[in-house]
Every structure is written in C-alpha cells, then in structure tokens.
Amino acid sequence: IVREARREADAYRERAHASLDERQRFLADQERTLQAREDRLEERTSLNDERATRLISELESLAGTTKREAREKLLKLVEQEADSELTRRLRELREVANEDVEAEARMQLATALARVATQSTAELTTYHVQLPSDDWKARLIGKDGRNIQAFERVTGVDLVIEDRPGVVLVSSFDPARREVARRVLERLIQDGRVQPSRIEELYEQEQLGTERAMREAAEAACAELGVRVPAGLMEPLGMLQVRTSYGQNQLAHSVEVAKLAAALAAELGANQHVCCLAGLLHDLGKAFPEDRAIPHHHRSAELAREAGMGDDVVHAIIAHHEDIAPETTEAWIVRTADAISGSRPGARRTGQREQLDRVRELERLAMAEEGVVSAYAVQAGREVRVLVNPDAVSDTQLMRLAQRLTKKLQESSRTPGGVKVTVIRERRVSL
C-alpha cells in the first residue's frame, strides 16, 4: 500500500512539474509579446512626437508666432473679454442700484423739504441807511468832519457818504460792529441830534440793545424748534444773528439746518431730537471769527461738549465737514441738511475769484489723469466733462477712469451734492 501511494505521489509530482513548466513557457511567451508591443508603442510615440513637433514648427512658421506667444495672446484675449463682460455687468448693476437709491433718496428729500418752508435770503457786508434828506449828509459829517470822525472812531466802521441821494453806507468786515453802527445811525436820525457826545451815548445803549436782541433771537430760534439749549450756549447762538457766511445769515441757516435734519430724521427713523440740536448748534464756532486756531466745526463741538451735550450730538456737529467721517445716521443727516441749506438757489453768494479758482482746480485735477485730452467744468462746477484719447483709453477702461475721477474730485471739492463726471471717448475719421 505504501509503495502504491508513493507511486501515485510521484506521478502527481511529475504531472505538476510538467504543468508548471508549461505555465512558465506560456508566461514567457506573453512577456515577449508585451515587450514587443511596448517597443512598437514607444516607436510610434516617438514618431508622433516628431510629427507633432514638425507640425507645430510649420504652424508657427505659417502664423508668424511661437506657441508660447499664441498662448499668451489667447489668454489675453480671454481676459479682455471677461473684463469687458464684468465691466458691463457691473455697470448694469450700478445703474440699477443707483436708480433705486436715487429714487428713494429723492422721495425722502422731497418729503422732508415739503415739510420745511424756507426763504432764500442773502446778506451783504454793507448796510445802506436811508436819510430823510440830503441835508443830513452835511450834519453827519459835521464841522471839520468831527461828527463822522467820532462816529467811525466809536463804532469801528466806515461811514461812506455816497453820491446817491438820501443814502449813506455803513461798511465793516465785522458784522457785529456793522449792526451796532447801523442801529446807532438810525437812532441819530430819529433823535435829530448829531454830535460826538451823543454818538458815544447812543453807542453804549445800542451795544446793550444789540446783545439783548441777539439773546432774544436765540431764544426765539429755540422756541421755534421746540428745543432747550444750555444757558452757556445761548450767547454764541445769539451772536450768529449778526454773522454771515457767503451772504447767508448764520442763525437763519442754523435754524433751517435743524428743521431739515429733524424732517429727514423723521423720514429715516433716526433720532429727531439729536438731529435738531446738532443742526442748530453745528456752526456755533462761527460766532468767534477771530479764533482761527481750530476749524469752526471743531470749536462748535468743543463748546457743545463743555456745555454737557451728549456724545451723539457732539459727533453729529463735528462730522458735518469732510475731515471727520460720520459714524452715525444722525451725523450723516446733519451733514446732508447743511449741504442742502447751503446749496439751494439764492442761499449763498460766492465771489467771482473764488468760483473761478474752484472751477480751475477741478479741471486741473481731471487733466492730471493719464489719457485725458481736455476737461471742462460746467454747471458752476457741479459737472466735469472729460475727453480722452481713444488710443490711450479703451472702452473697458472708461468706467474705471470715471470712478477714479469722481472719487478724486469729490475728495478735493466742497461742492454741495458732489461732482458729476462724464467721460467721453470719441474716434473721428475724415477722408
């Protein structure tokens, strides 16, 4: 039995070895076949690479450019198309957003302005006083000019005897002095006595009368607005009655700003009381024109802070000019109301020289931009029209140039309502 088992085992081992040998020969044949295929594939790949290189060289020769240059041109073309599409889309979105915002802003402003009835008034730096007759000119001059000399010495103003019949001119850079002198002159005409001692007497009386009138004007302004102002601020507030800015009476301007700010606050859901107080007190610093150490809005905020006004009122006061960024809705409202009051027709008068300087500065800033050929400030400096070189500025760059110019001009100009910029790119061909 054992020998039989051994014979069977040996036979099975021989069959296994034979099968293994056959399997190894088969794998060797497969390996040789795969190697041959791999060799043929590498040969074809090499031929394809050579053919591709030759074709690329031929294409570069025909196109007159290299593969790298063609790739860069293609990328640049795609980038320009994407930039143009993005600019167009941004312009559309901006136009839609501006239309919505402007419509809402116009509605808010129209509603607020409709609630505030104001008059367009402007004042000059001189007063014309009517005389009962031309004989009064000689009486005002007096013997050897004693009366007019005493009047000018006591009041600190110039009394100009004009050629116009029945009129004399009271002139002074200080509106407070001018107001007192006007009241003294009118009292002299009513009294009928014109002599140096009487001028001095009336001057002392009218100084007190002017102070009392200014205090009453401040109280009337507070009563009209329905607000209470600390006692320490009533004197500078009343002094605004005899101060002007570009011909606009400062107390009337402050009351108007307070009304506009309160109306805008009601429309926008802001604090009406804060806006009204800040609007009334925003120009207190102009009551002290001789103090030029700090800007008037900083002085106004300082006076309000010293009087115990809240931080929200103080911030709205100091932020009504561009050097301080508004951080609250009330501050933005007061700044807007101040701009409206100062920019409405007839409110202020600007000298010709100052206006020309401002317009020229706008044109100079626009001309400083690369590619700008000419720039014209129109609409009293509220719009700047810019013509560009079509070879230096593309259509896709117009929007960026307009945005850059708008930001620059608004930062440098104090034009109420901002400056509108129109950029024109035009190509003309004449044959």
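How many aromatic pairs does a search of the whole structure find? And with that in hand, where is Gln250 found, and which residues is Gln250 in contact with, leaving aside its neighbours within four places in sequence?

A: A search of the whole structure finds 0 aromatic pairs, and this result, like everything below, refers to a predicted model.

The protein has 431 residues, of which 35% count as buried, and its secondary structure comes to 14 helices and 8 strands. Among the contacts with a separation of 6 or more, 61% are accounted for by residues 24 or more positions apart. The protein exposes about 27,200 Å², and carbon and sulfur atoms supply 50% of that area. The mean pLDDT is 80, with 85% of the residues reaching 70 or more; among the elements, helix α2 (residues 67-115) has the lowest mean, 68, whereas helix α11 (residues 311-318) has the highest, 93.

Now to the close look. Gln250 is found in helix α8, which covers residues 250-268. With a relative accessible area of 0%, Gln250 falls under the 20% cut-off and therefore counts as buried. Leaving aside neighbours within four places in sequence, Gln250 is in contact with Leu240, Arg243, Thr244, Ser245, Asp283 and Lys286. One of these residues, Asp283, also has a side chain that makes a polar contact with the side chain of Gln250, at 3.1 Å.

For a contrast in setting, consider Asp163, which lies in the loop between β2 (158-161) and β3 (167-171). Its relative accessibility is 80%, over the 50% cut-off, so Asp163 counts as exposed. The C-alpha atom of Asp163 is separated by 9.8 Å from that of Asp134, a residue 29 positions away along the chain.

Conventions: Residues are numbered from 1 along each chain as its sequence is written. Side-chain values use heavy atoms; hydrogens and water are left out. Rings of Phe, Tyr and Trp (its six-membered ring) pair if their centres lie within 6.5 Å; planes under 30 degrees apart count as stacked, over 60 as edge-to-face and the rest as tilted. pLDDT is the predictor's confidence in each residue, from 0 to 100. Helices (H or I, at least four residues) and strands (E, at least two) are DSSP runs, numbered from the N terminus. Buried means under 20% relative accessible area, exposed over 50%, partly exposed in between (1.4 Å probe, protein chains only). Contact means heavy atoms within 4.5 Å. Accessible areas come from the Shrake-Rupley method with a 1.4 Å probe; for residues, only the protein chains shown count as cover. A polar contact is a pair of N or O atoms within 3.5 Å; within protein, one must be able to donate a hydrogen and the other to accept it, and residues adjacent in sequence count only if both atoms are side-chain atoms.
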